[in-house]
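Here is a report on one protein chain. Look at the fold first, then at the packing of its parts.

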Amino acid sequence: MWINPKEGELESELAIRYKKYYEAGIRGIFFGKDNESHFRIAKSQGLETHRWLWTMNRGDKALLEMHPEWYAINRKGESCAEKPPYVNYYRWLCPSKEDVQQYILDDIESVLEKDYVDGIHLDYIRYCDIVLPVNLWKNYHIEQIRELPEYDYCYCETCRMKFKEQFGMNISEIEYPEASLSWRQFRYNSITNIVNNIAKVAKKRDKKITAAVFQLLKWLEETYVRIGLTGI
Ligand SMILES: [Zn+2]
């Protein structure tokens with residue numbers, strides 16, 4: 001169950017509410033933000049307490065001002081810091097940059113070090129959506145029948161350099177980078193690397209990780225269609 005804990009609620013009322021959740025068969029809560037009394041009372045009623053976090057999509061004003069260079073850059077050269085795709089809150093960080101990796105790890109460590117937090121839920125643990133579901137195209141006045149450059153990330157200097165180091169190819173010299181399996185793999189690896197590092201921190205503290213596997217579901221669905229199976 002996902003909730004956003006409100007400030008200032010009576011502890012006695014919270015205890016009754018979380019007890020009801022448990023009795024209804026709910027065993028864990030994703031909390032949208034930190035709130036020690038909510039977490040502790042939920043735990044006392046037998047529930048697991050997980051903090052729900054936006055992982056790669058980070059629009060905090062302070063971070064945008066302090067580190068605009070950490071943000072992902074699309075195939076047109078535009079940064080999420082200045083020109084977010086689709087909606088104003090789409091402010092994706094580049095997963096290849098070591099400073100970004102450290103920032104995310106430190107943030108997660110500061111959540112998991114609290115004894116009342118059982119685990120973390122990684123939402124937005126991916127790149128920006130390159131192709132939206134077809135029923136959303138009309139909302140944004142776009143036709144995404146191919147991978148458009150303004151939604152294709154990340155083409156920053158760090159990504160270009162690391163891709164060259166690891167795959168021996170210069171992404172600027174590839175005519176259709178969106179069709180390069182190596183380039184795609186490089187980017188999958190960048191996100192996997194972030195998750196593996198988070199897993200180490202969580203394991204050290206014996207805490208759980210879950211994730212919103214949006215892209216995986218989408219990929220599975222596309223694969224099922226391609227190989228002729230019906231939906232998932
Ligand atoms: Zn990058």
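## Helix 2 and its cover

Which residues of helix 2 are buried? They are His38, Phe39, Ile41 and Ala42. Keep in mind that this is a predicted model. The cover over the buried residues of helix 2 includes strand 1 (2-3), helix 1, strand 2 and strand 3 (48-54). Just after helix 2, Gly46 has a positive phi of about 90°.

Helix 1 is part of that cover. Helix 1 and helix 2 pack with their axes 9 Å apart, at an angle of about 45°. That angle makes helix 1 oblique to helix 2. The crossing of helix 1 past helix 2 is right-handed. Helix 1 brings Glu11, Leu14, Ala15, Arg17 and Tyr18 to the contact, and helix 2 brings Ser37, His38, Ile41 and Ala42. By class, the contact of helix 1 with helix 2 holds five nonpolar, two polar and two charged residues.

## Overall layout

The protein chain has eight helices and five strands. From the N terminus on, their order is β-α-β-α-β-α-α-β-α-α-α-β-α. Along the principal axes, the C-alpha atoms fill a box of roughly 65 × 45 × 30 Å.

The protein chain has 232 residues, and buried residues make up 42% of them. Among contacts with a separation of 6 or more, 66% join residues 24 or more positions apart.

## The nonpolar core

In soluble globular proteins, nonpolar side chains tend to be buried together. Here the largest nonpolar core has 59 residues. Tyr18 and Met56 have the most contacts inside this core. Several elements give two or more residues to the core: helix 1 (11-23), strand 2 (28-31), helix 2 (36-44), helix 3 (61-66), helix 4, strand 4 (119-123), helix 6 and helix 7. Helix 7 supplies the largest share, seven residues.

Tyr18 also takes part in the contact between helix 1 and helix 2. What does Met56 touch, leaving aside its neighbours within four places in sequence? Its contacts are Arg91, Trp92, Leu93, Cys94, Pro95, Val100, Ile104, Tyr124, Ile125, Arg126, Ile191 and Ile194. Two of these, Ile104 and Ile194, belong to the contact of helix 4 with helix 7.

## Helix 7 and its partners

Helix 4 (residues 98-112) and helix 7 (residues 181-204) have axes that come within 10 Å and cross at roughly 30°. Helix 4 and helix 7 are therefore roughly parallel to each other. Helix 4 passes helix 7 in a right-handed crossing. On the helix 4 side are Gln101, Ile104, Leu105, Ile108, Glu109 and Leu112; they meet Asn193, Ile194, Asn197, Ile198, Val201, Ala202 and Lys204 in helix 7. The contact of helix 4 with helix 7 comprises eight nonpolar, three polar and two charged residues.

Helix 6 packs against helix 7 at an angle of about 110°, with the axes 11 Å apart. Helix 6 is thus roughly perpendicular to helix 7. Their crossing is right-handed. Cys159, Lys162, Phe163, Gln166 and Phe167 of helix 6 make the contact with Ser182, Trp183, Gln185, Phe186 and Asn189 of helix 7. The contact of helix 6 with helix 7 divides into five nonpolar, four polar and one charged.

Glu178 lies in the loop between helix 6 (157-167) and helix 7. Is Glu178 buried or exposed? Glu178 counts as buried because its relative accessible area is 17%, and the cut-off is under 20%. Beyond its neighbours within four places in sequence, Glu178 contacts Arg75, Glu147, Asp152, Tyr155 and Arg184. Asp99 is 79 residues from Glu178 along the chain, and their C-alpha atoms are separated by 26 Å.

His121 lies in strand 4. With a relative accessible area of 8%, His121 is buried. Which residues does His121 contact, leaving aside its neighbours within four places in sequence? They are Phe30, Arg51, Trp52, Leu53, Thr210, Ala211 and Ala212.

How values were computed. Residues are numbered from 1 along each chain as its sequence is written. This is a predicted model: local features need pLDDT of at least 70, side-chain atom pairs count only at pLDDT 80 or more; totals for chains, interfaces and linings use all residues. Side-chain values use heavy atoms; hydrogens and water are left out. Axes are lines fitted to C-alpha atoms, for helices over the stretch in contact, and angles run from 0 to 180 degrees between N-to-C directions. Helices (H or I, at least four residues) and strands (E, at least two) are DSSP runs, numbered from the N terminus. Angles under 35 degrees count as roughly parallel, over 145 as roughly antiparallel, 65 to 115 as roughly perpendicular and the rest as oblique. A crossing is left-handed if the near helix is turned anticlockwise from the far one by less than a right angle, and right-handed if clockwise. Contact means heavy atoms within 4.5 Å. Ala, Val, Leu, Ile, Met, Phe, Trp, Tyr, Cys and Pro count as nonpolar, Asp, Glu, Lys and Arg as charged, and the others, Gly among them, as polar. Buried means under 20% relative accessible area, exposed over 50%, partly exposed in between (1.4 Å probe, protein chains only). A nonpolar core is a set of buried Ala, Val, Leu, Ile, Met, Phe, Trp, Tyr and Cys residues joined through side-chain atoms within 4.5 Å.
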